Amino acid sequence: MSNKIKLATLVATTFISLSSTAQVGQPYIHDPSTIAECDGKYYTFGTGGGGLISDDGWSWHSGAERPGGGAAPDVLKIGDRYLVIYGATGGGLGGGHNGRILTMWNKTLDPKSPDFKYTTPIEVCYSDGLEDQDAIDPGMLLDPTTGRLWASYGTYFGTIRLIELDPTTGERVKGNEALDIAIDCEATDLIYRDGWYYLLGTHGTCCDGVNSTYNIVVGRSRSITGPYVDNVGRDMFHGGGRMVIAAGDRVCGPGHFGRTIIDEGVEIMSCHYEADFELSGRSVLGIRPLLWRNGWPVAGERFKGGTFEIESERRGYSLELAVDFVRMQQERQGWFNREQMQQPPKPIANQTLADVIGTWPQGDIPTRISDYMFRPHQRWTVTPLDEKGGYLSAPYFKITIEGTDRALTATANKEVTTTPSFTGDDAQLWRIEQLTDGTFRIMPKVVPGQPGLNTRLVLYSAGDSTPTLAEYDFSSDNSKWNFRNH
């Protein structure tokens with residue numbers, strides 16, 4: 001949070017249904033914590049107290065509760081409890097930089113639960129308003145290699161500092177000395193992956209709506225204590241940082257990074273956008289796929305749908321209807337016909353749906369995988385369905401053959417077929433998630449005959465030509481697909 005401008009309270013009073021470029025409902029928040037899951041619901045807390053709740057990760061509404069007010073909280077589940085950390089004053093709020101960082105526990109994040117009760121906040125550090133440091137904007141990491149708990153905090157007013165907390169009590173480890181690890185950023189967060197510690201910092205200016213220049217940068221280190229160095233060798237203690245996400249897609253000012261691991265190879269990052277140009281420039285929750293490229297985190301693009309070849313990563317073959325291949329008529333061209341080669345070339349139109357649909361069966365048509373040839377039985381229109389709910393980062397999608405209502409559908413025998421029309425049945429709704437390597441997994445919302453939401457079976461390339469539903473396996477290209485806009 002900026003040390004220059006006092007934040008105004010954001011109040012959401014009406015339900016707004018957005019396009020698939022943003023979360024739907026009332027996603028208004030500033031300085032959101034890392035998203036936490038509790039009893040099947042998702043929570044994030046923001047500056048000023050309170051926060052957002054979602055039943056599915058796609059539609060958000062107010063209702064999360066956090067006492068203490070203050071700014072820029074973070075939340076972390078440790079064992080069967082939730083540790084919340086936040087800044088009380090500081091950041092220029094109230095005119096000064098004398099701030100405090102506090103922690104408190106709760107057994108649940110659900111304010112309707114009988115177990116919902118926060119413990120008395122414990123101060124873990126402070127700034128006196130005179131030194132070159134500002135105790136605000138904390139973020140936490142429970143080191144998976146050691147079990148030690150760390151918190152980073154600070155703003156542009158001085159340094160970013162690192163302290164160690166007790167993961168049992170939430171108190172500052174006795175005798176721990178704060179370390180200065182970065183400058184020229186705020187709202188930091190720490191994550192660990194594959195032997196590297198990453199420091200994510202928010203760079204630029206905030207709290208100025210569509211004029212905010214917030215962006216998120218990163219450095220990494222083999223040690224939790226640093227130094228954190230970017231991809232060109234610049235230490236974050238001397239202003240370095242590799243870009244993770246900046247303005248785009250009619251939102252600007254991404255800040256306050258959070259990482260959520262959904263599955264192996266399936267990760268998302270959360271943040272706020274200082275201004276959504278489609279929503280009066282309000283500060284809103286942002287969720288994007290989190291990709292990893294050459295050991296560096298980078299925000300993926302939100303998948304919005306369109307018309308594509310759906311290509312198997314396994315061999316590069318295309319998902320298609322299992323129908324007869326209809327040849328296109330063409331005057332044969334060749335080097336051997338000298339007279340013909342003197343004529344100007346003429347474009348050949350693509351085969352159209354009208355050319356072939358009469359040869360297709362009327363009922364269900366199975367699918368297969370084969371060479372892509374720009375043909376109508378290989379062209380799929382993917383459409384977001386905001387009204388059908390969703391999951392962390394996106395709504396469900398319908399997948400139909402271009403120009404038709406013929407819909408990709410999961411079957412009770414764990415196969416995939418196409419039905420003549422889209423009815424909105426859950427077996428015709430698809431979860432499409434970008435994986436950390438940039439490919440996608442495609443997962444039916446339900447599999448008929450299987451209980452509850454489907455969380456394991458994905459569209460799978462069995463061999464070279466057989467699409468089926470099988471267990472997701474990030475280590476296998478059979479589980480992975482690409483959307484090609486040919």
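User: Why is N294 called exposed in this structure?

Analyst: In this predicted model, N294 has a relative accessible area of 75%. A residue is called exposed when that value is over 50%, so N294 is classed as exposed. The residue is found in the loop between β20 (282-293) and β21 (296-299).

User: What makes the backbone of N294 worth a remark?

Analyst: N294 has a positive phi of about 55 degrees, although it is not a glycine. Most residues other than glycine have a negative phi.

User: Why is K414 called partly exposed?

Analyst: The relative accessibility of K414 is 36%. Buried requires under 20% and exposed requires over 50%, with partly exposed in between; therefore K414 counts as partly exposed. K414 also has a positive phi, of about 60 degrees, without being a glycine. Its place is the loop between β27 (407-410) and β28 (416-419).

User: How do you know that the peptide bond from G226 to P227 is cis?

Analyst: The omega angle of that bond is near 5 degrees, and the bond is cis. Most peptide bonds are trans. P227 is found in the loop between β16 (215-221) and β17 (242-245).

User: Why is V356 called buried?

Analyst: V356 has a relative accessibility of 2%. The cut-off for buried is under 20%, so V356 counts as buried. This residue belongs to helix α2 (residues 353-356).

User: Which residues are in contact with V356, leaving aside its neighbours within four places in sequence?

Analyst: V356 is in contact with V326, Q351 and P376.

User: What makes F308 a buried residue?

Analyst: F308 has a relative accessible area of 10%. Because buried means under 20%, F308 is buried. It lies in strand β22 (residues 306-312). Not counting residues up to four places away in sequence, F308 touches F303, Q378, R379, W380, V382, F483, R484 and N485.

User: How far apart are F308 and E402 in sequence and in space?

Analyst: F308 and E402 are 94 residues apart in sequence, and their C-alpha atoms are 8.8 Å apart in space.

User: What makes strand β31 mostly covered?

Analyst: Strand β31 (residues 457-462) has six residues, and five of them are buried.

User: In which sense do β31 and strand β32 pair?

Analyst: β31 and strand β32 (residues 466-471) pair in the antiparallel sense, over six bridges. Pairing requires at least two bridges. A462 stands opposite T466 in β32. The hairpin of β31 and β32 has three residues between the strands, and G463 takes a positive phi near 70 degrees there.

User: How many positive and negative side chains does the protein have?

Analyst: The protein has 45 positive and 60 negative side chains, and the centres of these two sets lie 3 Å apart.

Definitions and conventions: Residues are numbered from 1 along each chain as its sequence is written. This is a predicted model: local features need pLDDT of at least 70, side-chain atom pairs count only at pLDDT 80 or more; totals for chains, interfaces and linings use all residues. Side-chain values use heavy atoms; hydrogens and water are left out. Helices (H or I, at least four residues) and strands (E, at least two) are DSSP runs, numbered from the N terminus. Buried means under 20% relative accessible area, exposed over 50%, partly exposed in between (1.4 Å probe, protein chains only). Contact means heavy atoms within 4.5 Å. Lys and Arg count as positive and Asp and Glu as negative; His and the chain ends are not counted. The place of a charge is taken as NZ of Lys, CZ of Arg, CG of Asp or CD of Glu.
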